Amino acid sequence: MDFSELKKAVRKQVELQEPEFIKENDEALNVGFMEMNATQKLIFSISTFKGKKYFSVRTWFQAESGEWAPTKKGINLSFDKFEDFAKMVQVFAQAIALDK
C-alpha cells in the first residue's frame, strides 16, 4: 500500500490523537502525543522516506515564540522493525508491572 493510501486507511480506522499544534505534511501522519511537561511532548508518527515506511517517537519542544519543533531525542524505525520494538515494549510492561 502506498503511503497516501495508508494515511487514508489509518484516519478512517484508527482513533487518532493528532496534535493540533504541528502542521501536517504529505510524508508523515502524527497519530498521537503524550505530554511530558508544559513545553515538551512525545509525538508518535508514521512517515515515508524514499518509498520506505517508518514509525517514530520523538520529543518536541515549544520555543519561546510558541512554535513547536522536533528535537534530536527520539527513535525512527522502519515498519519491518515494529515487531521487535513491540516485544521490547512488552518487556518494559512486564518489568514495570513487577514494581507495583
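Me: Contact means heavy atoms within 4.5 Å. Leaving aside its neighbours within four places in sequence, which residues is S56 in contact with?

Reply: This is a predicted model: local features need pLDDT of at least 70, side-chain atom pairs count only at pLDDT 80 or more, and totals for chains, interfaces and linings use all residues. Numbering starts from 1 along each chain as its sequence is written, and side-chain values use heavy atoms, with hydrogens and water left out. S56 lies in strand β3. With neighbours within four places set aside, the contacts of S56 are I43, F44, S45, I75 and N76.

Me: In what order do the elements of the protein run from the N terminus on?

Reply: Helices (H or I, at least four residues) and strands (E, at least two) are DSSP runs, numbered from the N terminus. The protein has 2 helices and 4 strands. Read from the N terminus, the order is α-β-β-β-β-α.

Me: Is S56 buried or exposed?

Reply: Buried means under 20% relative accessible area, exposed over 50%, and partly exposed in between (1.4 Å probe, protein chains only). The relative accessibility of S56 is 11%, which means that S56 counts as buried.  Its place is in strand β3. The class of S56 is therefore buried.

Me: Which side chain does the side chain of S56 make a polar contact with?

Reply: A polar contact is a pair of N or O atoms within 3.5 Å; within protein, one must be able to donate a hydrogen and the other to accept it, and residues adjacent in sequence count only if both atoms are side-chain atoms. S45 is among the residues in contact with S56. At 2.8 Å, the side-chain partner of S56 is S45.

Me: How many Å apart in space are S56 and S78, C-alpha to C-alpha?

Reply: Along the sequence, S56 and S78 are 22 residues apart. In space, their C-alpha separation is 8.7 Å.

Me: Which side chain does a polar contact of 3.2 Å join to that of K41?

Reply: K41 is found in strand β2, residues 40-49. K41 counts as buried because its relative accessibility is 9%. Among its contacts beyond four places in sequence are F33, E35, W60 and W68. The side chain joined to K41 at 3.2 Å is that of E35.

Me: How many Å separate the C-alpha atoms of W68 and M1?

Reply: W68 is in strand β4, residues 68-78. At 14% relative accessibility, W68 is buried. Not counting residues up to four places away, W68 touches F21, A38, T39, Q40, K41, W60, F61 and Q62. From M1, 67 residues away along the chain, the C-alpha separation is 31 Å.

Me: Which residues is L16 in contact with, leaving aside its neighbours within four places in sequence?

Reply: L16 is one of the residues of the largest nonpolar core. Beyond four places in sequence, L16 has as its contacts V10, R11, L29 and V31.

Me: Phi of K50 is near how many degrees?

Reply: K50 lies in the loop between β2 and β3. K50 counts as exposed because its relative accessibility is 75%. Its phi is positive, in a residue other than glycine, and is near 50 degrees.

Me: How many Å apart do the centres of the positive and negative sets of side chains lie?

Reply: Lys and Arg count as positive and Asp and Glu as negative; His and the chain ends are not counted. Each charge is placed at NZ of Lys, CZ of Arg, CG of Asp or CD of Glu. There are 15 positive and 15 negative side chains. The centres of the two sets are separated by 4 Å.

How values were computed
A nonpolar core is a set of buried Ala, Val, Leu, Ile, Met, Phe, Trp, Tyr and Cys residues joined through side-chain atoms within 4.5 Å.
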